[in-house]
Amino acid sequence: FKDCGHRGDPPQGYKKICTHLVFDCKHDGRHKARMVADGHLTDVPLDSVYSGVVSLHGLCTLVFLANLNGLDTWATDIGNAYLEAETKERLYIIAGAEFGELEGHTLVIVKALYGLRSSGLRWHERFADCLRDMGFFPSKAEPDIWMRPNGDVYEYIGVYVDDLAIIGKHPQEIVNVLMSKYSFKLKGTGKMTFHLGCDYFRDQDGTLCVGPKTYIDRMIAQYI
């Protein structure tokens with residue numbers, strides 16, 4: 001937020017909205033809290049404001065290309081991704097008691113908060129700029145598959161909002177750049193064994209298999 005002071009006047013043309021806190025208990029017992037903007041109080045935009053995602057067919061193609069070309073397949077998740085982007089919506093809030101000593105301050109929203117109508121698009125644009133800066137360009141077949149040449153092969157990143165499938169000679173180098181140059185907070189980083197609800201494993205013959213084993217086990221556990 002940008003603080004306009006206690007009972008300060010918001011910039012001209014900005015609209016007042018509210019925020020609320022969402023508390024969640026994850027399937028593994030972790031507790032999570034998130035501040036969410038009441039985006040339903042804003043006008044419905046005329047243009048699309050959604051973030052594109054890689055398709056299941058596209059992801060399977062990436063895994064096939066990795067095996068065909070002897071590349072490593074990694075997965076990672078960008079933590080609090082939307083907050084890495086800035087919003088273009090003209091909105092502000094009046095801080096409540098949960099803001100402590102800032103209660104009563106006029107706060108202009110500058111980050112793409114969860115709940116705002118355009119935050120998905122803003123994050124998509126932000127990450128696309130980072131990928132272009134790293135030498136990647138979108139595939140003509142599927143725009144959320146990004147690729148770049150590396151010697152005699154291409155390296156790929158399949159983007160599903162904030163979940164990444166990284167296919168490359170040295171995925172750790174790509175991960176290092178995302179963390180050091182762009183300061184992204186990555187979690188669950190490593191060889192792809194579980195991604196977007198599916199397990200990736202090899203059977204007794206060494207054939208690569210994909211199936212939602214872990215997801216099904218979680219669903220069964222919730223209903224037993």
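**Reading contacts, core, cavity and pockets**

Me: Which residues does I157 touch, leaving out those up to four places away in sequence?

Reply: This is a predicted model. With sequence neighbours up to four places away left out, I157 is in contact with L131, F136, D144, I145, W146, L164, A165, I166 and I174.

Me: How many residues are in the largest nonpolar core, and which touch the most other members?

Reply: A nonpolar core is a set of buried residues joined through side-chain atoms within 4.5 Å. Here the largest one holds 23 residues, and those that touch the most other members are I78, F127, I157, L164, L178 and F184.

Me: Which elements supply at least two residues of this core?

Reply: They are β5, α2 (119-133), β10 (153-160), β11 (163-168) and α3 (171-180). The largest share comes from α2, with five residues.

Me: How many cavities of 30 Å³ or more are there?

Reply: A cavity is space where a probe fits but cannot get out. The count here is one cavity of 30 Å³ or more.

Me: Which residues line the largest cavity?

Reply: Its lining consists of S51, W123, H124, F127, A128, L131, D144, W146, V159 and V161. By class, seven are nonpolar, two polar and one charged. Helix α2 gives the largest share of this lining, five residues.

Me: What is the volume of the largest pocket, and which residues lie nearest its centre?

Reply: A pocket, unlike a cavity, is an open set of points. The largest pocket has a volume of about 830 Å³. Its lining has 28 residues, with H27, R30, D77, D163 and F194 nearest the centre.

Me: Where in the fold does that lining come from, and how does it divide by class?

Reply: At least two residues each come from β4 (31-37), β5 (72-78), β12 (186-191), β13 (194-195) and α4 (213-223). The lining of the largest pocket has 11 charged, 10 polar and seven nonpolar residues.

Me: What is the volume of the second largest pocket, and which residues are closest to its centre?

Reply: The second largest pocket has a volume of about 240 Å³. It is lined by 13 residues, and N67, T73, M192, R202 and L208 are the closest to its centre. Two or more lining residues come from each of α1 (56-69), β5 and β14 (198-202).

Me: How does the lining of the second largest pocket divide by class?

Reply: It has seven nonpolar, three polar and three charged residues.

Note on methods:
Residues numbered from 1 in each chain as written. Predicted model: local features only at pLDDT ≥ 70, side-chain atom pairs only at ≥ 80, totals over all residues. Heavy atoms only, no water. 1 Å grid on protein atoms, 1.4 Å probe; cavity = no way out; pocket = protein on both sides within 12 Å on 5 of 7 lines; lining within 4 Å. Points joined across faces, edges and corners; volume = space filled by probe spheres on them. Helix = DSSP H or I, 4+ residues; strand = E, 2+ residues; numbered from the N terminus. Nonpolar A, V, L, I, M, F, W, Y, C, P; charged D, E, K, R; others polar. Buried < 20%, exposed > 50% of the residue type's maximum accessible area, 1.4 Å probe, protein only. Contact = heavy atoms within 4.5 Å.
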